[in-house]
Amino acid sequence: MFLQRLMVYLSTTCMFCYMIGINLIILIMQYISPSLTKKILLKMGEKTTMTQNPNFKYEDWGQTFGSVSFFKTVSHHMWLSLGQEAFLGGDAPDTPVVNMEGKNASVFKYLKDTRPLVLSFGSCT
């Protein structure tokens, strides 16, 4: 289990370094060739299906890459998810959730409840 945790931390560190590298490259490319940067980001968006929504235009999200806000948001989410890994034979992570009233709650509280989890939080539809 120690080696699994170590691998999670190492892979997260590598992903963080990769994110910094990509962020710097895109930031530099935006100054050198904005049209090439747009083409590359749109190609990246095709892999994540974010360019398939016609209401979600490049002008809405393209300039956020390379910004300090983007870097802070990604770093924050990577930090939050660092300890959220589940391992075979280990304890399940207590992922924080928000209930329908907007209050923070624990998944374990709702798992002990007799109602199904969907009924505790409401339907998505």
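**View 1. The largest nonpolar core of the predicted model.** This core is made up of 5 residues: I26, L41, Y58, W61 and F65. One of its members, Y58, touches T37, K38, L41, L42 and Q63, if residues up to four places away in sequence are not counted.

**View 2. Helix α1 from end to end.** Helix α1 covers residues 2-32, which is 31 residues. From its first C-alpha to its last, α1 reaches 45 Å, close to the 45 Å expected at 1.5 Å a residue. Its buried residues are V8, M19, N23, I26 and Q30. These buried residues pack against two other helices, α2 (34-47) and α4 (68-81).

**View 3. The packing of α1 and α2.** The axes of the two helices lie 6 Å apart, and the packing angle is about 135°. On the α1 side, the contact involves I26, M29, Q30 and I32. On the α2 side, P34, L36, T37, I40 and L41 take part. Of the residues in this contact, 7 are nonpolar, 2 are polar and none is charged. I26 and L41, which meet others here, also belong to the largest nonpolar core.

**View 4. The chain as a whole.** The chain contains 6 helices and 2 strands. Starting at the N terminus, the order of elements is α-α-α-α-β-β-α-α. The chain has 125 residues, and 18% of them count as buried. Among contacts with a separation of 6 or more, 38% are between residues 24 or more positions apart.

Methods: Residues numbered from 1 in each chain as written. Predicted model: local features only at pLDDT ≥ 70, side-chain atom pairs only at ≥ 80, totals over all residues. Heavy atoms only, no water. Helix = DSSP H or I, 4+ residues; strand = E, 2+ residues; numbered from the N terminus. Expected span 1.5 Å × (residues − 1). Buried < 20%, exposed > 50% of the residue type's maximum accessible area, 1.4 Å probe, protein only. Contact = heavy atoms within 4.5 Å. Axes fitted to C-alpha atoms, helices over the stretch in contact; angles between N-to-C directions. Nonpolar A, V, L, I, M, F, W, Y, C, P; charged D, E, K, R; others polar. Core = buried A, V, L, I, M, F, W, Y, C linked by side-chain atoms within 4.5 Å.
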